[in-house]
Amino acid sequence: MNCAAVRDVLPEFALGVAPVEDGNAVELHVARCAACRKEAVDLQRAAASFGYALAGDGAPPEALEQTVVDAVHEVARPAKHSHSRGRRTGIALLVAAILVASVGIGSVFAGREERIRLEAQRAASAQNDTLQRFGGITQFLSGHDTKVLIGTLSASSGGGTGSALTILTKDADDQVVVIVNDLAGRALPLDVSISDTKGHTVDVGKIRTLDNGGGATMAREIQSSLSGFVDVTVRDAHGRAVLRGTLQAQTAVASPSP
Amino acid sequence: MEGLLAGDDAAIRALYARFARPVYTMGLRLLGSREAAEELTQDVFVTAWLKAARFDPHRGRLSTWLMTIAHNQAIDRLRRETGVTRPKLVLVDEVPESAQSVDEDLLLERDAALRAIASLSDAERRLVLRTYFRGMTAREISEDDGIPLGTVKTRLRSALIKVRLANQQKELS
């Protein structure tokens with residue numbers, strides 16, 4: 001996108017309603033173009049003036065403060081205390097996810113046979129072949145002009161684990177793979193979404209059934225670009241976040257902490 | 001912000017005390033139910049924690065950053081939940097000032113909001129309301145109103161420049 005095209009989109013971008021693919025292109029452009037960056041910041045400041053233009057209608061309920069504090073603590077806790085373990089577990093799961101991705105994307109897998117196969121992959125990957133598999137996957141993907149981001153998902157409340165990855169492809173739809181575990185008893189369907197750094201969200205889809213282990217695997221193609229979309233959230237049927245995680249470039253996770 | 005990054009209880013509560021009300025108001029006014037407003041508030045503060053390291057004070061105030069997160073999340077939800085009846089928008093210049101908050105940052109933001117609204121013609125105001133508060137794209141407005149897409153974009157740009165000039169004049173004075 002050149003300067004003229006970016007300037008054309010900037011008002012909508014500043015007002016938060018630019019189509020996702022245009023917004024991503026603007027982000028990329030303004031990162032390297034000082035003139036357009038200044039224009040973008042100016043228009044965003046102007047648009048932000050409307051953020052406080054709505055008349056108040058009563059204070060939030062008192063109990064909401066504790067709910068918010070608990071929610072932040074729940075998200076903060078895994079990152080502070082169990083990062084390494086979660087990351088290693090996630091890599092094993094992600095190998096399975098990437099293998100699923102490499103044989104075909106476009107459907108939701110939640111069947112028992114598929115889960116058994118994925119669990120087998122998970123066990124196998126735990127036997128010191130994780131990095132070898134990543135090597136193969138890297139080779140596979142490098143021939144397809146792709147970028148892969150992966151990450152683990154941690155429980156926002158209660159139990160549960162998960163992993164996710166995105167595969168960004170220049171000449172085809174981007175793809176998302178999400179694996180969840182230990183979510184038995186959660187209110188279904190589970191909603192999976194992914195957000196960018198500006199808080200924009202793309203719905204990935206719904207997980208309607210879980211296997212006996214409370215797990216499921218979802219693989220989806222997304223029509224719009226997922227560039228910049230790194231925060232994955234899984235919500236139960238009540239809208240409560242049950243798993244969250246942030247994706248990173250593949251190389252960052254392929255070298256796990258000891 | 002450092003306290004928020006560390007998940008510090010007092011920092012989270014301090015941030016909540018300053019910004020929960022405008023975030024909740026945005027949820028209530030845009031999404032139309034207390035449940036949705038509470039969900040939005042919770043999501044915004046969790047997102048603020050997740051993205052705290054990316055906040056750059058040189059690019060804007062904390063209040064602006066937080067409300068941008070709230071706005072983006074509310075608009076995404078509006079656009080996902082099509083067909084839902086939304087409440088009539090009520091702006092700050094339509095009701096008496098309640099003076100609920102004495103936070104200087106919030107008073108500055110409210111002042112800027114009033115100035116922004118006052119700087120626009122009625123047509124520009126309606127246009128901005130449909131985009132910023134209803135999440136309509138320029139193309140959707142173009143199709144709804146039967147006017148060229150380029151015209152809608154030009155008018156949006158013109159409206160934002162007016163708001164920017166109004167804010168600049170205030171800063172200079």
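Trainee: Which residues does B:Thr137 touch, not counting residues up to four places away in sequence?
Mentor: Happy to start there, keeping in mind that this is a predicted model. B:Thr137 sits in the loop between H6 and helix H7 (138-145) of chain B. Leaving out residues up to four places away in sequence, B:Thr137 touches A:Glu12, A:Val17 and B:Arg79.

Trainee: How many residues of chain B are in contact with chain A?
Mentor: Let's look at the whole interface. Together the two chains bury about 5,700 Å², and 62% of that is on carbon and sulfur atoms. On the side of chain A, the residues that lose the most area to chain B are A:Phe50, A:Tyr52 and A:Leu54, together 16% of what that side buries. As for contacts, 56 residues of chain A meet a number of chain B residues that comes to 70.

Trainee: Why does the salt bridge between A:Asp8 and B:Lys153 join two chains?
Mentor: Good one to trace on the structure. Their side chains meet at 2.8 Å, N to O. A:Asp8 lies in helix H1 of chain A, while B:Lys153 lies in helix H8 (residues 149-172) of chain B, so the pair joins two chains.

Trainee: How many residues apart are B:Arg115 and B:Asp111?
Mentor: These two form a salt bridge, with their closest N and O atoms 2.9 Å apart. Both lie in helix H5 (residues 104-118) of chain B, about one turn of the helix from each other, and the spacing is four residues.

Trainee: Which element gives the largest share of the lining of the largest pocket?
Mentor: That pocket holds about 1,200 Å³ of space. Of its 48 lining residues, the closest to its centre are A:Glu27, A:Lys198, A:His200, B:Thr68 and B:Asn72. By class, the lining has 18 nonpolar, 16 polar and 14 charged residues. The largest share, 10 residues, comes from H4(B).

Trainee: How many charged residues are in the lining of the largest cavity?
Mentor: The largest cavity has a volume of about 40 Å³. Its lining includes A:Phe50, A:Ala53, B:Arg125 and B:Phe133. Sorted by class, eight of the lining residues are nonpolar, none is polar, and the charged count is one.

Technical notes: Residues numbered from 1 in each chain as written. Chains lettered and ligands numbered in written order. Predicted model: local features only at pLDDT ≥ 70, side-chain atom pairs only at ≥ 80, totals over all residues. Heavy atoms only, no water. 1 Å grid on protein atoms, 1.4 Å probe; cavity = no way out; pocket = protein on both sides within 12 Å on 5 of 7 lines; lining within 4 Å. Points joined across faces, edges and corners; volume = space filled by probe spheres on them. Nonpolar A, V, L, I, M, F, W, Y, C, P; charged D, E, K, R; others polar. Contact = heavy atoms within 4.5 Å. Buried area = accessible area lost by both parts, 1.4 Å probe. Salt bridge = Lys/Arg side-chain N within 4 Å of Asp/Glu carboxyl O.
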